[in-house]
Amino acid sequence: MSVLTRNEAQTRATLLDVHRYTIDLDLTTGDETFDSRTVIRFSAHADADTFVELKPAELRSATLDGQPLDPGTLHENRLPLKGLTAGEHELRIDASMRYSRTGEGMHRFTDPTDGETYLYTQLFMEDVQRVFAAFDQPDLKSVFELTVKAPEGSIVLANGVTEHLGEGRWQAAATPLMSTYLVAVAAGPWHSVRTEHRGLPFGLHCRRSLAPHLDADADELFEITKQCYDRYHEKFQEPYPFDSYDQAFVPEFNAGAMENPGLVTFRDEFVYRSAVTDTERQTRAMVIAHEMAHMWFGDLVTLRWWDDIWLNESFAEYMGYQTLTEATRFADTWTDFGVARKSWGYDADQRPSTHPVAPENVDDTASALLNFDGISYAKGASALRQLVAWLGEKDFLAGINTHFARHKFANATLADFIDSLASATERDVHAWADAWLRTTGVDTLTPVVTRGDSGPYTLQVEHAGSRPHRIAVGLYDQDVSDDGGQLTLRERVDLDVPQTEPRSLGKRPALLLLNDGDLTYAKIRFDAESFAAVRTSLSGLPDPLTRAVVWNALRDAVRDGQLPPTAYLEAARTHLPHETDLALVQGVLAFASAQVTDRYVTADERPAALSTLSSLCRDLIRRTEDGDNPGLRLIAVRHFIAVAAQPDTIAAWLAEGTVPGGPELDPDLRWRVLARLAVLGATDEAAIAAELDRDPSATGQEGAARCRASLPDEQAKARAWEAMFGGDDRTDLSNYLFIATAQGFWQPEQADLVRDYVPRYYEDAVAVAARRGPAIADAAGRWAFPLHAVDQETLSLGETCLTDAKPIPSLRRKLIDQLDDLARALRVREA
């Protein structure tokens, strides 16, 4: 397939204005393909040649201004348009298109619970070409008129309000000007809940088999949606720019959600069918807020080219967390951001694949796709939070509203945005942007506390890096008379780094914490006295966001080889039993198990590490016996299952259907227990099949695939490997079943059993990625990589693969990141 380059896009944008797409989709032609008929009305500014993109199963006909084009001239995904003259044109395309099983293009899913079939589009970046012909670049905005013929009993959703015309035909209202990648269609026997807010129709939609679970949460979902909608209208002078607001929870969705105007699509795991914590509800609410922010950042004003992805994602990420904090019951969202999202940015920014928040070298769409990562989301949002701290929210919002007014229903660049901000302030925003958005890497801030012969203590911050930072420094005194060693905030002082002169502290604090409040993006270190206070009194810090900053600093120290992994486990063992914030408990346990226990300690040290975590989880379970904190208890139960080294306790839970004292084992917990029993060799195929009979849902199918791949049996491993890498277009696993199988396959406890598959991985991953495309390439690189194999041989094999095998860009990027993480794990072990 030919990828679109920046130069090609710029050339075509100067040549064409695209006025209107009239699209007719027939989704009743069979299980493999659907019909797509497209009329594109556009004008050319000069005589020239150009092309239109599409990826058909069959191109039946094409005409330009009534004259037939030769379908045989379609090369890969480009149909040439030769000899265009200046003036108005009409292009007609009639094609058959393939349904997707990978969440790209028009995805088709049949619900195993009831046999109902659902269809939805995900057209991001280049996948509109899988559904209809298009001049596929973000700065050729157009009006879209859509008609869909759907199977009997289906409801069709789209960017605008839809009307049923009879006999399965649906018409969507014409859209305002928008980019091709934002067109959205969803068809199927949806269960819908509808309301109205400020004269606008709002809807929630899911598969019928999830209807009771959506109904149970509909009030909460609508409340969050309305609160965010109202708050954005207080912040933004431009009103919501579309005619409706539907939120569809769709199956086998690759991302968290997609900001299609008027029809946001979410992964339907957000329709909770098992117990979840309040932090998980907060995460769902944040995604709602994030996607609604995109209605302005990305949909109303759209990037001109993919080097400005951050103008979409960083803003939606920042606005999502900030607006949720301001407008909803979730007042501590920045704590969750600090412990769960910010580390994503820190990790990505220290790999060879790092890039600036606003890169200048995104030459084509394949390169652009790689930049949807922790830098474009978490680092960019952190940079904006720092910008607001430096600029002030009033000037920040004034600049944003100027930006909307200047570029609504059009496209903009970083330079346009900085000019809008500069119009609202006397500060040098251009210099700030150069320092923060055009550079890579993570700065490190280290306190140096000194005292003169008789004077007060002073602070000088050592600054490794180049960015200016406005931070708060927390000065904490310690009361060691109680068991926890309570830390009390004496003062929080503002500081600009680099400093012009040392800062006076008065008397020496027990803990000096840089970046208290987490307003900047930087690794922080502790002086010796402060680290001693952290070790004894971390849980005595009064504010959860402050504790998040400390836990992140400890995490960074482990990853950098400055703190032994076992010391992190000891800190968790000491302080988590006293922690009250669920996001912190979840974040610390996740790092302790997935990174420290599974990768950073050696095989000989792993049993003791598992024992430490198991003991910690037992303490949390005991602490919650009174039922006052079901969220904390659920987290503890989940992690106890995940780190169980012996099957007896969790097998008894499964047999009894409950944890003593609760909770009862819902489908999620039952599959978690069964998967761990499979790893430990304490269950079999018959038990997995019985559980699947009990829960035949799509989630149950994934649970069974994960369990079967986890069995410590040569035949089970061979079947799982063949399912992932040996299929064809007819037998290929869907994206979700591929991921579930990959999650089960590699287990640290089974290293000897799967040793021969490690060298096979690289060759087979390259092949399946080339055959099945970016979504499966991403899954193969992320989930099917042998994470447990922390050794030089695995690293060398991977480096050879990168040099010799030429993996497609999406897999290559994943392998670069995985191999860098592997090298880091080796360094941590050596340190």
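**A loop residue and its wider setting**

Guide: Asp65 counts as partly exposed, at 38% relative accessibility, where partly exposed is the range between buried, under 20% relative accessible area, and exposed, over 50%, computed with a 1.4 Å probe and protein chains only. Before going further, please note that this is a predicted model, in which local features need pLDDT of at least 70 and side-chain atom pairs count only at pLDDT 80 or more, while totals for chains, interfaces and linings use all residues. Residues are numbered from 1 along each chain as its sequence is written, and side-chain values use heavy atoms, with hydrogens and water left out.

The place of Asp65 is in the loop between β4 (58-64) and β5 (67-69); helices (H or I, at least four residues) and strands (E, at least two) are DSSP runs, numbered from the N terminus. Its phi is near 55 degrees, a positive value in a residue other than glycine. Such backbone features deserve a remark, since most residues other than glycine have a negative phi, and most peptide bonds are trans.

Glu252 also has a phi near 55 degrees, again positive in a residue other than glycine, and it lies in the loop between β17 (245-250) and β18 (257-258). Glu252 is buried, with a relative accessible area of 6%, whereas Asp65 is partly exposed.

Val497 and Pro498 are joined by a cis peptide bond with omega at about 5 degrees, and Pro498 sits in the loop between β25 (486-497) and β26 (503-506). Gly662 and Pro663 are likewise joined by a cis bond, with omega of about 5 degrees, and Pro663 is found in the loop between α17 and α18.

Helix α16 itself covers residues 630-643, that is 14 residues, and reaches 20 Å from its first C-alpha to its last, close to the 20 Å expected at 1.5 Å a residue, the expected span being 1.5 Å times one less than the number of residues. Twelve of the 14 residues of α16 are buried, so that the helix is mostly covered, and among them are Leu632, Arg633, Arg638, His639 and Phe640.

Leu569 lies in helix α13 (residues 565-575) and is buried, at 4% relative accessible area. Leaving aside neighbours within four places in sequence, Leu569 is in contact, meaning heavy atoms within 4.5 Å, with Ala592, Val596, Thr597, Ala609, Thr612 and Leu613. From Leu569 to Leu589 there are 20 residues in sequence and 9.1 Å in space, C-alpha to C-alpha.

Asp527, with a relative accessible area of 10%, is buried and has its place in the loop between β28 (523-524) and α11 (528-537); beyond its neighbours within four places in sequence, Asp527 contacts Pro447, Val449, Arg508 and Leu512. Glu691, in helix α19 (residues 685-694), is buried at 7% and touches Arg670, Trp671 and Leu674, not counting residues up to four places away in sequence. The C-alpha atoms of Glu691 and Asp278, 413 residues apart along the chain, are separated by 28 Å.

The whole chain provides the background. There are 26 helices and 28 strands. The radius of gyration, taken over C-alpha atoms, is 27 Å, close to the 28 Å that the globule rule (2.2 Å times the number of residues to the power 0.38) gives for 831 residues, so the chain is as compact as a globular protein of that length. Along the principal axes, the C-alpha atoms fill a box of roughly 90 × 70 × 55 Å. Of the 831 residues, 59% are buried, and of the contacts with a separation of 6 or more, 72% are between residues 24 or more positions apart.
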